[in-house]
Amino acid sequence: MTVKDWFEQRKEMQIARRNKETRIDDSVGNLWVKCYHCNAQLLKKDVEDNLEVCPKCGYHFRINARTRISQLFDEGTFEELFGNITTADPLEFSDTESYKKRIATARAKTNMNEAVISGIGKIDGEITAAAVMDFEFMGGSMGSVVGEKVTLTMEEALKRKIPMIAITASGGARMQESILSLMQMAKTSCAVAKLNEAGLLYITVLTEPTFGGVTASFAMLGDIIIAEKDARIGFAGRRVIEQTIRQSLPADFQTSGYLMKYGQIDMISDRAGLKPLLARILRLHKKS
Amino acid sequence: MTILEFEKPIVEIQKKIQELKEISESSGMDVTAEIETFERQAMEYKKEVYASLTPAQRLQIARHADRPTFLDYIKLITTDFIEMHGDREGMDDRAIIGGIAKIEDKSVVILGTQKGKNTKENLVYNFGMPQPQGYRKALRLFNHANKFNMPIVTLIDTPGAYPGMKAEETAQGTAIAVNLREMAKLNVPVIAIITGEGCSGGALGLAVADKVYMLEHSYYTVISPEGCASILWRDASLAGTAAEALKITSEDLLRLNVIDGIIKEPLGGAHCDYEKISDDLKETIMRAIYELQDVSPKKLREQRYNKYRRMGVFCQ
């Protein structure tokens, strides 16, 4: 093995580790957490105060929908909508575990009804409709409920003539609802067409990770597309592509920076800068 | 011709009948009545076999090497087909072929995914897996149809959009997403037919339509049964189990209100009778065109929107 190979291998192992688990490891105790990216031992409170970004290396950890909402929206302004819509099991799907059981587990784990929270709120005083996805709920996968809530949120924006923001975090379509999940891609994209026709601003914020059916529908249809720092975004998964083309991919493949390089997104924002950025964009599009 | 596992007994019986015929001819014995009985029994048996195929077996028919491809249908259902190449941005993806043509007396824009029948052809057509540029070419053709007020017909047979490095770099997800959105805005009738494999976003990117039909043995799914099995069961060899769980057959999709109709295939599958399946395909397309041609553009868009708006099952 040459020195170059050794470095390559080391880099790949780091990526593999990162891909496996991009959250912080809180198994070290109640007070301390470990950054998977730089291996630093960190005080949990320091990470929380830093918007769930590693204070040492700046790595952006995944955050759930509620944390995202509390970081972005002015305190007390976010009004949740369509929270009563819940999952059905139209195909009575069962793999190694039944879909019903998987849903029950996800609900208990996340204290959420489904993988998206819809609502209306204010970002630095600017009103907007928003759909915020949550990767912790079955990998943020899009089934009938996610598709319906995203569509309803866009229709609410249409009704109130306000901007719409979608914040994505998803592994893709939800297999357990098969074709009905696929149809959510069409449904949400048709709703974007309506926003376009009404001349309403639609912003998407792509966060770690955004893949598959969500990428290939409402995520990539924003008038303005922002990717959060350290997010991985793509259509097909890295492993599938490697198996298909039988060669290894660049280390930064499908990162926000990579997408920026290939002209697929408008900008990259770090977490601290996201709220002021969204507020500026909303203000610039306000009709005077 | 490729013979599938469940076809073997049928082929065996047919061979025996043939032998019997030859014996009777050479020996001068008259066994016509017996042969007729055997043939009738063979037919009954064949019908029985095809009526009780598992989803996994039907998957094999949908993927049959001799299944008619887009270009076969073009020859059999259209006249005066003129191919329009390229996305006008640097590439002509051969996995999606399209152009203008006449079906009976109607000028249409017709396009679809093209698969090869052997390795050499499949390398040209990339196994029917489009690149983003293929979807952009499709969109260019949709816009052409919109401009000149022609109905759009898409024929879909794809294992999915190509998962490659260059496809990601040139925005596969975006290309599909844009088609979904733009198809919603079209002012002309759109008719989509799943002729073989209808896999995932790669199929849907050509299938946001006023009328969606499936050939009897084709399948339409969010993920290939192999992909699903390897993710959920961690074992790709359980594709048959996944195919059943995913409810991917034409009857399943009709029941779920995702498609508008099923086009029956000749006994044994579409590859057994190209003319018959093409006639039926043509008839379905023409019926849909006549039904939609007098609907106003505004109404058409509204109906299309409402059709997809209703999709999904949840509790409230």
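In this predicted model, A:Phe135 touches A:Arg62, A:Gly140, A:Ala169, A:Ser170, A:Gly171 and A:Pro209, leaving aside residues up to four places away in sequence. A:Phe135 is located in the loop that runs between strand S6 (126-133) and helix H5 (144-160) of chain A. Between A:Phe135 and A:Gly125, the separation is ten residues in sequence and 27 Å in space, taken from C-alpha to C-alpha.

Aromatic rings were examined next. Over all chains, the structure holds six aromatic pairs. One of them is formed by B:Phe6 and B:Tyr50, whose ring centres are 5.9 Å apart and whose planes stand at 80 degrees. This pair is edge-to-face, because an angle over 60 degrees between the planes counts as such. The two residues are 44 positions apart in chain B and belong to distant parts of it: B:Phe6 is in the segment before helix H1 (8-27), whereas B:Tyr50 is in helix H2 (residues 32-51). B:Phe6 has a relative accessible area of 9% and is buried. B:Tyr50 is also counted as buried, at 8% relative accessibility.

In chain A, a cluster of A:Phe253, A:Tyr258 and A:Tyr262 is linked by ring pairs.

A contact of another kind involves both chains. The charged end of A:Lys194 is placed over the ring of B:Tyr305, at 4.2 Å from the ring centre.

Conventions. Residues are numbered from 1 along each chain as its sequence is written. Chains are lettered from A and ligands numbered from 1 in the order in which they are written. This is a predicted model: local features need pLDDT of at least 70, side-chain atom pairs count only at pLDDT 80 or more; totals for chains, interfaces and linings use all residues. Side-chain values use heavy atoms; hydrogens and water are left out. Rings of Phe, Tyr and Trp (its six-membered ring) pair if their centres lie within 6.5 Å; planes under 30 degrees apart count as stacked, over 60 as edge-to-face and the rest as tilted. Helices (H or I, at least four residues) and strands (E, at least two) are DSSP runs, numbered from the N terminus. Buried means under 20% relative accessible area, exposed over 50%, partly exposed in between (1.4 Å probe, protein chains only). A charge sits over a ring if NZ of Lys or CZ of Arg is within 6 Å of the ring centre and within 35 degrees of the ring normal. Contact means heavy atoms within 4.5 Å.
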